[in-house]
Amino acid sequence: MRVLLVGSGAREHALAKLIVSSQNAVELHVAADYVNPGLKREAERSGGRLFAVDTNVPRAVAGVAEEVSPDLVVVGPEEPQFRGVADALRERGFSVFGASRACSEVERSKVFGRYLMWKHGIPGRLHFMAFRSLSEAEEFVKYAGDVVVKPARQVGGKGVRVIRDTKAFLSETKQQVKSGSVLRTFEELRSLAEDYVVLVEQRVEGVEYTAQAITDGSYVLPLPLVQDYPHAYELDLGYETGGMGCISGPGYLLPFITRDEYEATEKIVGRVLEKLQEEVGDRYAGAFAGQMMLTGLWGPTVIEFYSRFGDPEIACLMPRVESDFLELLDRAARSALAGAKLRVSEDTVSVVKAIAPAGYPAFKKEASGHPVVVDEGRIRELGCHLLYASVEQGIDGMMYTKGSRAFEIVCAAEDYERAYRLAEAAVSYVKSLDGWPLYYRSDIGSRQLLEARRREAERVRTVHASKQARGTLGETFTVWMPGRGIVANPLLSPLR
Amino acid sequence: MTGILSILAFEPGWELHRFVSYGLEALSHRGGSRRLVCWRRSERVLCGDLESADVRGLAESGTAIAAWLDGRRFDGQVIEGENAVTLSDRPSGLLSEIARDVERALSTDRPYAKLEEELRAYEDTSVPSFATLTSGGELVVWRTNSGLTPLSIGGYGFDMAITSSETSAIEMLDADVRRHLMPGEGVYMSRRQVRLFRSGASESGRLCLFELLYTARHDSTVDGISVYEFRRELGRRLGRYLESPVDVVTGVPETALPYAVGLSQAVGVPFELGFVGTARRERSMMKESTRERLIAVHLKLNPIRRVFAGKRVAVVDDSMVTGATLKTVAQLLRYRVGARELHVLLASPKLVSSCPYGVVGLDPDSMISAHLDVSQIEKYLDVDSLAWLREEDVEFAARTFHARFCGACFGIDSLGGDR
Ligand SMILES: Nc1ncnc2c1ncn2[C@@H]1O[C@H](COP(=O)(O)OP(=O)(O)OP(=O)(O)O)[C@@H](O)[C@H]1O
């Protein structure tokens with residue numbers, strides 16, 4: 001089977017590994033924005049090649065497809081989906097796994113995803129306000145309370161400000177920060193004049209996890225849950241990143257998520273997929289995911305949607321998948337997913353750690369252009385995998401950082417203690433050659449962090465149970481104002 | 001000994017002045033009389049009293065360290081180096097040396113690794129925990145192996161990291177507590193990296209017992225131990241020493257209340273609030289002179305008469321230094337209110353010597369239990385009975401809460417831990 005994979009990073013590297021491990025003979029070709037050494041190797045080993053093209057240009061990708069004539073095209077990242085790459089390929093008669101432009105709107109526009117949930121009364125929805133006009137947004141945040149300010153469209157894991165505002169004595173400075181963040185987002189996204197720019201959303205607390213699925217539009221095949229770690233630094237400190245690592249298992253659950261919570265999550269994912277297709281009038285064939293949080297407000301709550309596999313989430317599943325993954329992708333693309341089963345190794349868990357150059361994510365220029373080496377043999381000896389992310393092969397044959405997460409280490413074992421130890425050992429085989437520091441999060445997969453998540457889950461579960469018993473799920477009561485009654489809008493500050 | 005605080009804002013636009021101000025407020029019970037804050041400004045670190053600090057400068061700096069200074073001797077508590085300032089929670093003759101070593105480590109290209117190496121030398125040396133801020137915006141916070149006082153790290157969204165002597169300050173700043181630094185553990189932070197490191201951690205790393213007995217707030221978590229639960233547990237142990245029947249259990253505010261709750265629960269006698277204070281709450285033991293201490297004691301103790309009149313009363317306090325507080329309590333209850341019997345229980349062993357590490361500023365000459373025997377003190381206080389917890393009780397608590405304490409001022413070298 002000839003496959004063309006579109007995309008350049010670690011997610012695609014994980015997909016490439018899953019694809020080439022198929023029982024069928026596979027010839028893998030890759031259309032990538034730069035020469036990712038990992039993708040290049042996977043392609044060449046299977047008898048295919050890597051094409052360096054701008055993957056956001058539908059015509060360019062279609063050109064590669066025409067040259068390769070693949071039986072299946074897999075579109076990995078969201079940006080090409082937003083630009084209509086999957087549509088252009090389908091128009092030319094290719095069988096494609098990957099959301100169409102219309103379907104990927106659910107990720108591109110955070111407003112659309114939320115609108116769908118409200119319109120159809122899907123549980124796990126958060127209050128929000130979206131703004132096209134700077135002056136309206138500025139006026140609104142003056143009165144906003146405990147909220148999150150985000151860009152209204154997907155801009156690749158940045159720009160989200162979680163401004164917990166529960167202490168009146170700090171509220172003034174928080175209001176200034178919210179205003180500053182609104183202003184900055186408008187400046188950065190100015191080009192999107194017609195669209196919503198800023199989203200102000202109810203802040204929630206709890207334990208995050210990702211629920212991914214594969215669908216052919218009518219049949220939804222859920223994948224095991226994954227927990228991803230968005231903070232750049234140890235102890236969940238610092239910047240929002242695309243994800244510094246993740247864990248998965250045992251089975252389909254996580255150690256701090258119950259079967260009931262998992263099932264409630266799958267229900268949300270299924271309903272969103274159904275309503276999304278109705279709304280846009282298009283079939284969804286590809287990967288879909290809910291970035292979830294277990295909260296006291298709702299139990300499973302939607303933070304956002306992905307119209308693709310998560311990165312690094314898919315890496316976490318890679319070593320645990322036992323089925324022929326390519327076959328599933330292919331059946332989803334051909335609307336033949338019904339009856340398909342995914343087998344994952346029930347009794348293993350996995351730990352993924354991203355390794356990034358210092359300076360990522362706030363100072364990407366500084367973080368770029370540093371030569372790095374990896375002792376892959378040693379990593380393999382440990383039974384772990386190495387995924388190439390934002391690294392490029394230079395003309396001198398050396399590998400250079402491109403400013404983002406450079407590698408992902410993937411380790412699976414029978415329990416977290418072992419998987420953690422393997423991952424910690426494996427990261428030491430990635431080195432920088434010019435002394436520029438590389439960093440990773442040593443807490444991911446550790447017992448302490450798992451316990452902290454478990455405690456947090458217990459706390460929100462108690463809140464959830466009491467809200468459920470009193471019939472107030474999803475509801476917040478911000479303040480009672482004498483003469484005006486209860487303000488139930490959680491976006492408003494009790495102070496202003 | 002005082003409290004220290006440090007803040008790193010990853011994102012711009014935060015008015016750090018307010019955070020420092022409320023953070024220090026939440027640490028004010030730890031003592032000190034001046035609030036010093038340091039921030040960076042065009043390749044330099046500037047320091048000043050919080051009242052007159054440059055609010056704009058602090059906001060632009062994005063990082064700050066701050067401490068309560070022990071008025072009399074702040075020399076050894078603040079070290080202004082070439083490119084960095086170091087603040088500690090108590091004065092130490094060695095601080096300038098360690099500050100120099102930190103600065104040297106930071107000037108290399110692998111600062112956290114270097115820090116680990118350089119700081120190892122201080123494993124068995126008594127140096128207080130400290131925070132260093134460099135002109136490049138790097139922060140180093142180390143709980144020295146022998147520092148005896150706690151430090152915790154907190155986070156606020158994607159925006160801030162905070163370290164503080166106590167968790168209560170982190171929570172008051174609307175942030176989440178993420179970890180307690182244990183003896184020998186430290187953190188290196190800048191906008192470009194955050195690294196935990198560990199240096200010179202050993203068996204000799206302990207926590208000052210006084211921290212849990214008296215210094216920390218009830219709402220803090222020290223080294224993972226809930227201060228309130230620890231105190232209540234020791235209060236329960238006091239039940240073994242109450243030999244006469246009583247009608248009511250009360251505690252000397254503010255610190256002793258959880259102990260009294262524990263005793264009440266252990267013996268099944270109701271706990272009652274006994275006193276109401278006048279003027280703002282102050283920690284009497286932290287006061288410098290006898291006169292100031294007495295003023296503080298007298299201000300915080302007006303008895304609720306109906307609770308005590310004609311009753312047999314168990315009065316709990318955390319510890320006894322000169323006995324002045326308990327003397328005041330006893331006189332009020334016996335003569336002004338007319339309590340029938342007074343049984344005093346102390347939720348710590350007898351204080352017998354000064355703190356060799358300068359953590360607790362106690363003068364052995366003023367320790368009544370180091371000079372008089374029990375019956376003499378009973379007579380002096382005019383109470384019917386008087387009892388202290390024993391070493392074995394604190395040892396029990398140390399084991400229950402998995403802690404390793406220094407109890408030098410109680411004449412106990414080391415408590416708990418894996419011995
Ligand atoms: N309403 C909310 N309440 C609390 N935290 C939130 C909320 N919304 C977002 N966050 C936090 O911010 C992170 C990023 O938010 P979100 O997923 O919406 O942004 P993104 O930039 O699209 O991220 P990515 O695509 O990398 O997942 C979340 O993982 C969560 O930690």
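User: Which residues are buried in H11(B)?
Analyst: Bear in mind that this is a predicted model. In H11(B), the buried ones are Thr325(B), Leu326(B), Lys327(B), Thr328(B), Val329(B), Ala330(B), Leu332(B), Leu333(B), Arg334(B) and Val337(B).

User: And why call H11(B) largely enclosed?
Analyst: Because 10 of its 14 residues are buried, the rest of the structure largely encloses H11(B).

User: What span should H11 of chain B have at 1.5 Å a residue?
Analyst: The 14 residues of H11 of chain B, 324–337, should span 20 Å, and the end C-alpha atoms are 18 Å apart, which agrees.

User: What comes just after H11(B)?
Analyst: Gly338(B), and it takes a positive phi of about 85°.

User: OK, ligand time. Which chains does the ligand lie between?
Analyst: The ligand sits between chains A and B.

User: Which residues come nearest to the ligand?
Analyst: There are 24 residues around the ligand, and the ones that come nearest are Lys110(A), Lys150(A), Glu201(A), Glu208(A) and Glu304(A).

User: What polar side-chain distances go with Lys150(A), Glu201(A) and Glu304(A)?
Analyst: Lys150(A) has a polar side-chain atom 2.8 Å from an oxygen atom of the ligand. For Glu201(A), a polar side-chain atom is 2.7 Å from a nitrogen atom of the ligand. In Glu304(A), an N or O atom of the side chain is 2.8 Å from a ligand oxygen atom.

User: How much of the ligand's accessible area does the protein cover?
Analyst: On its own the ligand has 610 Å² of accessible area, and the protein covers 94% of that.

User: Which elements give two or more residues to the shell around the ligand?
Analyst: Those are four strands of chain A: S7 (147–151), S9 (198–202), S16 (286–295) and S17 (299–306). S17(A) gives the most, with three residues.

User: How does the shell split by class?
Analyst: It has 10 nonpolar, five polar and nine charged residues.

User: How far apart are Gly290(A) and Ile303(A)?
Analyst: They're 13 residues apart in sequence, and their C-alpha atoms are 7.5 Å apart in space.

User: Switching topic: where are the cis peptide bonds at Pro250(A) and Pro312(A)?
Analyst: One joins Gly249(A) and Pro250(A), with omega about 0°. Pro250(A) belongs to the loop between strand S15 (245–248) and H10 of chain A. Another runs from Asp311(A) to Pro312(A), with omega near 15°, and Pro312(A) is in the loop between S17 and helix H11 (313–317) of chain A.

User: What about positive phi in a residue other than glycine, say Asp236(A) or Asp174(B)?
Analyst: Asp236(A) has phi near 60° and is found in the loop between strand S13 (231–233) and strand S14 (237–240) of chain A. Asp174(B) has phi of about 70°, in the loop between helix H5 (167–172) and strand S11 (176–181) of chain B.

User: Are those buried or exposed?
Analyst: Asp236(A) counts as buried at 9% relative accessibility, and Asp174(B) counts as buried at 3%.

User: Last one: what domains does chain A get?
Analyst: The assignment gives domain 1 (2–106) and domain 2 (127–203). Their centres, taken over C-alpha atoms, are 35 Å apart.

Definitions and conventions:
Residues are numbered from 1 along each chain as its sequence is written. Chains are lettered from A and ligands numbered from 1 in the order in which they are written. This is a predicted model: local features need pLDDT of at least 70, side-chain atom pairs count only at pLDDT 80 or more; totals for chains, interfaces and linings use all residues. Side-chain values use heavy atoms; hydrogens and water are left out. Domain bounds come from an automatic or database domain assignment. A residue is near a molecule or strand if one of its heavy atoms lies within 4 Å of it. A polar contact is a pair of N or O atoms within 3.5 Å; within protein, one must be able to donate a hydrogen and the other to accept it, and residues adjacent in sequence count only if both atoms are side-chain atoms. Accessible areas come from the Shrake-Rupley method with a 1.4 Å probe; for residues, only the protein chains shown count as cover. Ala, Val, Leu, Ile, Met, Phe, Trp, Tyr, Cys and Pro count as nonpolar, Asp, Glu, Lys and Arg as charged, and the others, Gly among them, as polar. Buried means under 20% relative accessible area, exposed over 50%, partly exposed in between (1.4 Å probe, protein chains only). The expected span of a helix is 1.5 Å times one less than its number of residues.
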